[in-house]
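Subject: Structure handover

Hello,

Here is the structure we spoke about, for your files. My notes come after it.

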Amino acid sequence: MSDVVTITREGNVAIVTVDNPPVNAVGQAVRQGLWDAVPELDGDDGVEAVILACAGRTFIAGADIREFDGGAMEPWLPDLVERIHAAKKPWIAALFGTVLGGGLETALGCHYRIAHPATKIGLPEVSLGILPGAGGTQRTPRITGAAAAVKLVTTGAPIGAQEAEKIGLVDRLAEDLAAEALAFARDVAGRDVPRLDPAPAQTDLTPADWDELRTEVEKKARGQISPVRAFDAVRAAFELPLDEGMKLERATFLELKETDQSKALRHAFFAERAVAKPAALKGATPRDLDKIAVIGGGLMGSGIATAALNAGYDVAIVEQSADAATAAQDRVAGNLASAVKRGKLSEAVRDATLARLTTAADFGPVSDADLVIEAVFEETEVKRSVFDRLAAAAPRDAILATNTSYIDPTKFTAQVPNPERIMGLHFFSPAHIMRLVEVVKTPATHPDVLATGFAMAKKMRKVAVLSGICDGFIGNRILGAYGRMAGYLLEDGASAQQIDGAMKAFGMPMGPFEMFDMAGLQIGYANRKREAATRPADQRYSRIPDLIVEQGWTGQKTRQGYYRYEEGSRAALPSPETDALIATERAHLGMTPRSFTDEEIVATLHAVQVNEACKILAEKIAERPLDIDVVKMMGYGYPRWRGGPMQEADARGTDRVLATMQGIAAADPGSWQVSPLLSDLGSAARPFAGLNG
Ligand code: T1G
C-alpha cells in the first residue's frame with residue numbers, strides 16, 4: 001500500500017505500522033498511508049481492532065518540521081486524527097520512545113493508549129514557536145483536566161509514562177509492548193468504541209484563577225508569544241465545544257507558524273543539530289576515550305571534571321599541591337551534591353560517579369590519559385609550562401586540549417611533539433551546567449582529534465561548535481564588540497540601567513553591565529591591558545571601565561561596579577558613586593550627554609555583533625552563520641526565539657542592519673569598519689540563511 005505505512009494481521013487484529021526513519025515524523029506520506037488505512041480496515045469484516053505501531057526507535061515524534069516552510073500537502077493532520085477517532089473499530093496506540101507533538105495528537109485520536117514504561121510523552125510545540133495544531137490543546141484538557149493540560153501545552157516539557165498514566169493520557173503500561181498491545185486489542189475487539197465528549201471540558205477554575213495562571217505563563221515566557229497563545233487555546237477547551245475549539249486552535253496555529261519567533265525557533269532546532277556536522281569533520285572518526293585528565297582543579301577545571309564524570313569517563317585532576325588537590329575534590333563533590341539536591345542524581349549514582357575521580361599533586365595520572373584538558377590560569381607563560389610538562393608526561397598519542405578562552409593555543413604549544421593532537425576545548429562557566437563547548441582547530445589539528453572533541457561533548461550532552469583561532473574565538477570575540485559598543489553608548493550618555501533594560505526587553509537574560517559586574521570587571525581590565533599593544537591607534541578608547549576598576553570596584557564581588565549591591569544580594573541597584581565617576585569623565589572629555597531610544601540601543605548593539613560575526617565568517621573562523629547563532633544562544637543567553645544574531649539580522653532585514661552599521665562606522669570610522677560581507681549581503685538584502693548550506 002505505502003512505503004511508510006503497512007498493515008499486517010494477527011487474527012482479528014490489524015497492526016498498522018509506521019516506518020519513517022529516523023523519528024517516524026508524520027509527514028505527508030505517513031498521513032496519506034494512515035488516511036487510506038482507516039476506511040480499508042473499517043470495511044474489512046475480519047478486523048475487529050487496530051493497533052497503531054511504529055518501527056524503529058520511537059513512536060511518531062511529531063509533525064515533519066521540514067514541511068512547515070513548503071506548505072504541507074493534504075491530508076491535514078487534524079482531519080486524520082478526527083478520521084481515526086471516528087473509525088468503526090477501536091484503535092490502540094502502542095507508545096514507546098518519544099511521543100511528541102503530532103505523535104501524541106495522533107495517539108489521542110486513537111481510542112486507547114498503551115505505553116512502554118520508558119516512554120517520554122509531550123507537546124513541545126511551544127518550543128517551536130507554535131502550539132499543538134492537531135487537537136492537542138482541545139483533546140488533552142478533556143482527558144487530563146486543566147492543570148496537567150496547561151503544564152503540558154505551555155511548558156512543552158515531556159513527562160514520563162508513569163505520570164502520563166496518572167493523568168489519564170495512557171491507559172496501561174507494558175514492558176512487552178507488542179504482546180500486551182495485542183492482548184489488549186483482543187480484549188476490546190468487537191466492543192463499543194469510546195468517543196471523546198465534544199462538550200466543553202469541566203473545571204473548578206474560576207475566571208480569576210485563569211487570569212492568574214495566564215499572568216504566570218506570560219511571565220515565564222519572557223517575550224515569547226506561543227506559550228501565552230497556547231494557554232488561551234487550552235482555556236478555550238473549557239468554554240467551547242470541541243469543533244469550535246479545534247477551529248480556534250487551527251487558526252492560532254496557522255498564525256503562529258508564520259511569525260518571526262516560530263521561524264527563529266525552527267532555525268534554532270535545526271542549527272543545534274547542524275553544528276555537529278561542519279565540513280571540516282567530514283569523514284573524520286572520533287578516537288576512543290576512557291580516561292580524561294584535567295590540569296587545574298579551580299572553578300573551571302572542577303566543572304569540566306564534573307561534566308566528564310557525569311558523562312561516564314574516568315577522570316583525574318592534577319593540581320599543584322596536596323591541599324589544592326583536596327580542594328578540587330571538594331569542589332567536584334559539591335557540584336555533584338547540588339545535583340542530588342535538585343533531584344538530578346541519586347545518592348548511589350553520586351557515590352559511583354565520585355569513585356571514578358582521582359586527584360593528584362603531580363603529573364602522574366597523565367601517563368595513561370587518552371585526553372588531557374588544561375584548565376589553568378589564563379596566562380600564556382603559565383599555560384606554556386603546563387604544556388612543557390605534558391610533552392614529557394603524556395603518552396605521545398594522547399590528545400591534548402586547552403581550555404583557553406582568548407589566547408591562541410599555538411602560542412604555548414609550539415614545543416609539544418605531534419601537534420596534530422592539540423586542540424582547544426573552550427568550556428563555558430559553570431562547565432558542568434553550561435551546554436556550549438567551542439572546539440578550536442589549530443592549523444595542525446587532525447580532523448579525528450576534532451571529531452573526538454565533538455563526540456566527548458555529545459556524551460556530556462553539550463553542543464560543540466567548531467571555531468578557528470582568533471582572539472576570543474567566536475563567542476568572546478563578538479562579546480568584545482558588543483561590550484565595547486555598550487561602553488561607548490554609556491560614555492555618550494545612555495545609562496547602564498537604560499542599556500541593560502533595553503537588552504532585557506529584547507530578550508537577553510541580563511544586560512551587558514549587569515553581566516560585567518557578575519563576571520568581575522578585572523577580567524576585562526586584564527584583557528584591555530593585554531590588547532593595548534595591538535589596539536588600532538585611532539580606535540576610540542573609553543576609560544570608564546578602567547576608572548571603575550582603579551577605584552577597587554570590580555562588580556558584585558566588591559558590591560560595587562557599574563551598579564551597587566547590598567550585602568548578600570545580586571540585585572543591581574543604581575550607584576550614585578559610579579554615576580558621578582561617569583559624569584566626571586564625560587565632563588573631562590567635554591561631552592554633552594545625548595539621549596538614546598531603546599530601539600536605537602538594541603539596533604546598535606545588534607549591528608556591531610553581526611558586523612563582527614561577518615568578519616569571523618570571512619576569516620573562516622566560523623564555517624556558517626548558524627554556528628555563530630548556536631554559540632550565542634547556548635553560551636550567552638541569546639533568546640532562542642530570536643534564533644541568534646544572524647537569524648535576527650534576517651528577520652530585521654540585512655539591508656537595515658547594514659544601514660545601521662554604516663551609520664555607526666560613519667560616525668566613528670576609527671573604531672568601526674563595515675565588513676565587506678555585510679556590505680555585499682545587505683546591499684542586495686540577501687539573508688544569512690543562504691550561507692548556511
Ligand atoms: N521533523 C523533521 N525532522 C525531525 C523531527 C521532526 N519533527 N524530529 C527530529 N528530526 C530529525 C532531526 O533533525 C535529525 O536529523 C534526526 O531527526 C534525529 O533527531 C501538528 C505542529 C524526537 C526527541 O518538536 O525533539 O508535531 O540531523 O538528532 O536526539 O501539533 O529529534 O539527523 O538530519 O534530535 O534521538 C513536534 C522534535 C513537531 C520533536 C529525537 N515534535 N524532535 O532526538 O535525535 S511540531 C517535535 C526532537 C508538531 C503538530 C505539530 C528530537 C527527538 P538529522 P535528533 P534524538
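This is a predicted model: local features need pLDDT of at least 70, side-chain atom pairs count only at pLDDT 80 or more; totals for chains, interfaces and linings use all residues.

Helix pair. Helix α18 (residues 473–492) packs against helix α24 (residues 598–618) at an angle of about 145 degrees, and their axes are 9 Å apart. The crossing is right-handed. On the α18 side the contact includes Ile 474, Ile 478, Met 485 and Leu 489, and on the α24 side Ile 601, Leu 605, Val 608 and Ile 616 are among the residues involved. By type, the contact residues of the two helices divide into 12 nonpolar, two polar and two charged.

α18 itself. Of its 20 residues, 17 are buried, so α18 is largely enclosed by the rest of the structure. At 1.5 Å a residue the helix should span 28 Å, and the end C-alpha atoms are 29 Å apart, which agrees.

α4. This helix (residues 136–144) is mostly covered, with seven of its nine residues buried. Among the buried ones are Arg 139 and Arg 142. The buried residues pack against α3 (102–109), α5 (146–155), α9 (226–237) and α10 (242–257).

Core. The largest nonpolar core has 202 residues, and Ile 51, Ile 92 and Val 372 have the most contacts inside it. Leaving out residues up to four places away in sequence, Val 372 touches Ala 293, Ile 295, Val 366, Leu 390, Ala 394, Ala 398, Leu 400 and Ala 401.

Regards

Note on methods. Residues are numbered from 1 along each chain as its sequence is written. Axes are lines fitted to C-alpha atoms, for helices over the stretch in contact, and angles run from 0 to 180 degrees between N-to-C directions. Helices (H or I, at least four residues) and strands (E, at least two) are DSSP runs, numbered from the N terminus. A crossing is left-handed if the near helix is turned anticlockwise from the far one by less than a right angle, and right-handed if clockwise. Two residues are in contact if their C-beta atoms, placed from the backbone, lie within 7 Å. Ala, Val, Leu, Ile, Met, Phe, Trp, Tyr, Cys and Pro count as nonpolar, Asp, Glu, Lys and Arg as charged, and the others, Gly among them, as polar. The expected span of a helix is 1.5 Å times one less than its number of residues. A residue is buried if 20 or more other C-beta atoms lie within 10 Å of its own, exposed if 12 or fewer, and partly exposed in between; C-beta atoms are placed from the backbone. A nonpolar core is a set of buried Ala, Val, Leu, Ile, Met, Phe, Trp, Tyr and Cys residues joined through C-beta atoms within 7 Å.
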